[in-house]
Amino acid sequence: MHLTIHAQDGTTRSVEAAPGQTLLKVLQNAGETVLAPCGGAGTCGRCRVLVRDGESVGYRLACQTPAADGTELIMEDIAAMRVEGASDAEAFDKASADRAGESSPLGLAVDIGTTTMVFNLVDLETHAVVGTAGKVNPQAAFGADVIARIDAASTVKGMETLCGLLRSGIDRTRDELCRKLHVDPSRIARIALVGNTTMEHFAAGLDPRSIGTSPFAPLTLFGSEIALYESAGDARESAYFAPAVAGYVGGDVTAGLCVAQVAEREKIQLFIDLGTNGEMALGNRDRLLCCATAAGPAFEGANITFGMPAMPGAISCVALSEEGLAIETIDGKEPLGLCGSGLLDAVACLIEAGLVDETGYLADKDEAPSRFALLVGREQGQAVCYLDAARRVYLTQKDIRCVQLAKAALRAGIETMMETLGASDDDIENVFLAGGFGMHFQPASAAKIGLIPPALGARIVPLGNAAGKGAVEALFDEGRSAIERVAAHCEYLELSTSPLFNERYIEAMGFDD
């Protein structure tokens, strides 16, 4: 059977589908970028596509809709997703590009996140960044977290698909960046790549399945020049892959720690990267501990009823007001859902308003304080709290529980590192927050829900896209040496087998800090 895809770039193409395939599978096979945080399980509701099937036109979940001959799929423009480190997704400094001259060699610094990718084109003589681009990771159709991606790559065909998507995404974005800057791609003399350990495996064409099962051991910890994955027609290229520490503490973390100069400081520093995985480090020049917790997907909108990436229409900020709740959305658009920072604020506000108690229980209308009773209603037989005046976006009890699980994991990881290192709140000088979520993070909200110890709220230092900045440094020999020293200095704590972590995790579940 044949289907037509009206793609995000304005092109139209015909693709084939086998009987029994879902629309999501068709899109995955076609290499079309679509957000599917649950990987096709039908639980997240995010793989929505506009479908024209005969006379019928409407939105449907791609993972739950069988392909039918003659169907047309109109893809949403997810390029509008806000990518930290790449203003408005694509930013080009023409003046810097002109100063780079016609002959100076260029470097390409690539930060591959599970959700988004950031590219920096750098003049290797002046060290100036001459252009930046941000894109959605083309693997997004296969799930929000690395475990979903590893599962999708469990077959030879799946592995080829996941690696090929990433490689083509790198090549395509590099070429777009060079074209807009009127730069010949042949001038790129060096490539540096950072990412979590799984993404670095995919970029190199290495099987990541060992990361997904105990003892979570990667095939390599990188830290050298490695050939990029090659599929049919790819040019043979190599890149410097930033060193990882363990299966769930990758080169993006070592690059960020290098940018924050954590391993060079006398006083103890806490580093948190709230991406799809919650990676953290605690220490100084004498000792540096690091660990990873399964905390990130909820704060990126995964598994939340109206969760969504940082795209136009996402509620990004929530505050208590005289009328109830005041919200801000990205680009001021009508609210469609809420992203990580909005979710954090919303839960903090519900606690402050007395709508959520210390156990995480969401009050029914007759239990709510009178001032906020109008915010509470019922949807599909359960209590919900409406966030917008039109009552289109709301939080459910399940959403609150997801936040509890995520914040408990992060808080327990912090406390496990602190007790292992023998450090108190007073010993920590700075709390470095890396990643896009960290740039829009409200310290008061984080302290209110117990995400971090309350005493540390005033010491938060947003780093922005620290991994991307570290990738730029890794284009140069001195930067590579610095990142490798950081990786060698790190001690990894495996939390999944830690009795101390399990104890702290249970204690951190409530909202009674």
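These are my notebook entries on a predicted model, taken element by element.

**Entry 1: confidence**

I checked the scores before anything else. The protein averages a pLDDT of 88. I noted that 90% of the residues score at least 70. Over residues 88-92 the pLDDT stays under 50. For this stretch the model has 17 contacts beyond four places in sequence.

**Entry 2: helix 13**

I went to helix 13, residues 477-489, and checked its length. Its 13 residues, at 1.5 Å a residue, should span 18 Å. The end C-alpha atoms are 19 Å apart, which agrees.

Which residues of helix 13 are buried? I listed Gly 479, Arg 480, Ala 482, Ile 483, Val 486 and Ala 487.

Next I looked up what covers the buried residues of helix 13. The cover includes three strands, namely strand 10 (188-195), strand 11 (224-227) and strand 12 (238-241). It also includes helix 6 (251-260), helix 12 (466-473) and strand 24 (490-492).

**Entry 3: strands 10, 11 and 12**

I followed up the strands from that cover. Strand 10 and strand 12 run parallel and are joined by two bridges. Leu 193 stands opposite Phe 241 of strand 12. Strand 11 and strand 12 run antiparallel, with four bridges between them. Here Glu 225 stands opposite Tyr 240 of strand 12.

**Entry 4: the sheet 17-16-18**

I moved to an open sheet of three strands. Its order is 17-16-18, and the pairing is mixed. Which strands stand at the edges? They are strand 17 (325-329) and strand 18 (337-338). Each has a single partner strand, so one side of each has no neighbour in the sheet.

I took the pairings in turn. Strand 16 (residues 314-320) and strand 18 run parallel, joined by two bridges. Ala 314 stands opposite Gly 337 in strand 18. Strand 16 and strand 17 run antiparallel and share five bridges. Ala 319 has Ala 326 of strand 17 as its bridge partner.

I also looked at the turn. Strand 16 and strand 17 form a hairpin, with four residues between them. Gly 324 in the turn has a positive phi of about 140°.

I checked one pairing more fully. Strand 19 and strand 20 (residues 382-386) pair in the antiparallel sense over four bridges. Arg 378 has Ala 383 in strand 20 as its bridge partner.

**Entry 5: two single residues**

I picked Leu 289, which is found in strand 15 (residues 288-293). Is Leu 289 buried or exposed? Leu 289 is buried, because its relative accessible area of 0% is under the 20% cut-off. I listed its contacts, not counting residues up to four places away in sequence. Leu 289 touches Met 280, Ala 281, Leu 282, Met 417, Thr 420, Leu 421, Glu 491 and Leu 493. I looked at Leu 421 from that list. Leu 289 and Leu 421 are 132 residues apart in sequence and 7.7 Å apart in space, C-alpha to C-alpha.

I ended on Ser 445, which has its place in helix 11 (residues 443-449). Ser 445 counts as buried, at 10% relative accessibility. Leaving aside neighbours within four places in sequence, Ser 445 is in contact with Leu 344, Asp 345 and Ala 348.

How values were computed
Residues are numbered from 1 along each chain as its sequence is written. This is a predicted model: local features need pLDDT of at least 70, side-chain atom pairs count only at pLDDT 80 or more; totals for chains, interfaces and linings use all residues. Side-chain values use heavy atoms; hydrogens and water are left out. The expected span of a helix is 1.5 Å times one less than its number of residues. Buried means under 20% relative accessible area, exposed over 50%, partly exposed in between (1.4 Å probe, protein chains only). Contact means heavy atoms within 4.5 Å. Two strands pair if DSSP finds at least two bridges between them. pLDDT is the predictor's confidence in each residue, from 0 to 100.
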